[in-house]
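Colleague: Hi! Could you walk me through this model?
Modeller: Happy to, here it is.

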Amino acid sequence: MDIAEVAKVSGLPASTLRYYEEKGLIKSYGRNGLRRLFSANVVERLALISLGRKVGFSLEEIYEMFTPDGPVINRELLLAKAEELDNKIAELTAMRDGLNHAAVCKAPNHFECPKFLRFLRIAGKNRVRQPGKLKKGDL
C-alpha cells in the first residue's frame with residue numbers, strides 16, 4: 001500500500017504517517033517513485049497507536065510496546081492507565097452533573113445555591129497554575 005492508500009484507510013494525514021515513521025512507530029519497506037510503501041498490517045499497527053493515544057499513552061510508551069516480534073503490551077501499564085481513566089471519568093461525571101444542576105437551578109443567583117458553591121470549591125481545588133502566569137503575591 002502506498003502512503004496515500006494508508007492515509008485513506010487509516011484516516012490519518014500523510015504527514016502523521018511520515019512523523020510516525022520518523023519516530024520508529026511504523027516502517028515503510030520501499031518507495032514507488034516518491035511515495036512510501038507500507039505492508040497491509042500497518043493499518044492494524046496504526047489502529048493500535050490510535051487506541052493508545054486515545055487512552056492517554058505517550059508515543060514513547062507506545063513505541064516501547066513494539067518489538068521485532070510484534071506488540072508486547074505491559075499489563076501493569078494497562079491497569080495503571082485504566083485507573084487513570086476511571087479517575088478522569090469520575091472527575092468529568094462530577095463536572096457534568098454540576099453543569100446540569102447549574103443549568104436548571106432555581107436559585108435567583110448561582111452564588112446563592114449551596115450545590116453550585118460546592119461545585120466551585122471542587123473545581124477550584126483541581127485547577128492547575130498556568131506556566132508563566134504570576135500568582136497574586138509573586139511580585
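Modeller: A term to start with: a nonpolar core is a set of buried Ala, Val, Leu, Ile, Met, Phe, Trp, Tyr and Cys residues joined through side-chain atoms within 4.5 Å. Buried means under 20% relative accessible area, exposed over 50%, partly exposed in between (1.4 Å probe, protein chains only). This is a predicted model, with local features needing pLDDT of at least 70 and side-chain atom pairs pLDDT 80 or more, while totals for chains, interfaces and linings use all residues. Residues are numbered from 1 along each chain as its sequence is written, and side-chain values use heavy atoms, without hydrogens or water.

Colleague: Which residues touch the most other members of the largest nonpolar core?
Modeller: Of its 17 residues, those are Leu-17, Tyr-20, Leu-25, Ile-26, Leu-46, Ile-49 and Ile-62. Two or more residues each come from helices H1 (3–10), H2 (14–22), H3 (42–54) and H4 (59–65); helices (H or I, at least four residues) and strands (E, at least two) are DSSP runs, numbered from the N terminus.

Colleague: And what is Tyr-20 in contact with, beyond four places in sequence?
Modeller: Leu-12, Leu-25, Ile-26, Leu-46, Ile-49, Arg-53 and Leu-59, where contact means heavy atoms within 4.5 Å.

Colleague: Which residues of H2 are buried?
Modeller: Leu-17, Tyr-20 and Glu-21. They fall within an arc of 100° seen down the axis of H2, so they line one face of the helix; the arc is that of the directions from the helix axis to the C-beta atoms.

Colleague: Switching topic, is Glu-44 buried or exposed?
Modeller: Glu-44, in helix H3, is exposed, with a relative accessible area of 63%.
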